[in-house]
Amino acid sequence: MPFTLDHPDFSITPIDSAHTEQLQALFERCADYALIVEGGAVSPHAAQEALQETPPGRSLADKYLFGVWQPQAQLVGVLEGMRDYPEESIYWIGLMMLDPAVRGQGLGLRLVQRFGAWAQAQGATALMLGVVADNHPAFAFWQRQGFELVRVSEPRTFGKKVQTVSVLRKALPAD
């Protein structure tokens, strides 16, 4: 069961292969993300990759992929990641992306808060994520949400760019 945003203009539902076209269109509207991370255009397979990719040794059963929808059936956001990764009781946020048309309205804050409460109800004790070095706005956003730097990775290749990744963690409150 997905979480809710308690907002009349947005709803949350799981995304699956039936939503591939809407998800690809969202990636294309969020082309600034691909430019920051990979230094190029959005992959024509970005939606397929988001639906199917998992870390080594993990399965799609461990994955969550939620869409943020406006009432007129417009996909305006996505939250993707893995349960119990990189270890038991930690939920990894692999991607949180919002359509530029809805950014700056507090939706990201609400999404993170409600997702954190949902993950905690599922047994999570912490949330973790990675932010590439060139994504300064995302790093600042996650720090404002209470995420703390755990480590910085060695440089690695993302498309046309080589970047480090800041790994961040936020402990969830105990019941």
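How many bridges join β2 to strand β3 (residues 74-82), and do the two strands run parallel or antiparallel? In this predicted model, β2 and β3 are joined by 8 bridges and run antiparallel. One of the bridge pairs links K63 to M82, the latter lying in β3. The two strands form a hairpin in which 3 residues lie between them. Within the turn of this hairpin, A73 has a positive phi of about 65°.

Strand β2 also pairs with strand β1, which spans residues 11-14. Here 4 bridges join the two strands, and the arrangement is again antiparallel. I12 has V68, in β2, as its bridge partner.

The lining consists of P14, I15, D16, S17, Q48, L51, Q52, L60, K63, Y64 and L65. By residue class, the lining of the second largest pocket comprises 6 nonpolar, 3 polar and 2 charged residues. K63, whose bridge partner in β3 is M82, is among the lining residues of this pocket.

Technical notes
Residues numbered from 1 in each chain as written. Predicted model: local features only at pLDDT ≥ 70, side-chain atom pairs only at ≥ 80, totals over all residues. Heavy atoms only, no water. Pairing = 2+ DSSP bridges. 1 Å grid on protein atoms, 1.4 Å probe; cavity = no way out; pocket = protein on both sides within 12 Å on 5 of 7 lines; lining within 4 Å. Nonpolar A, V, L, I, M, F, W, Y, C, P; charged D, E, K, R; others polar.
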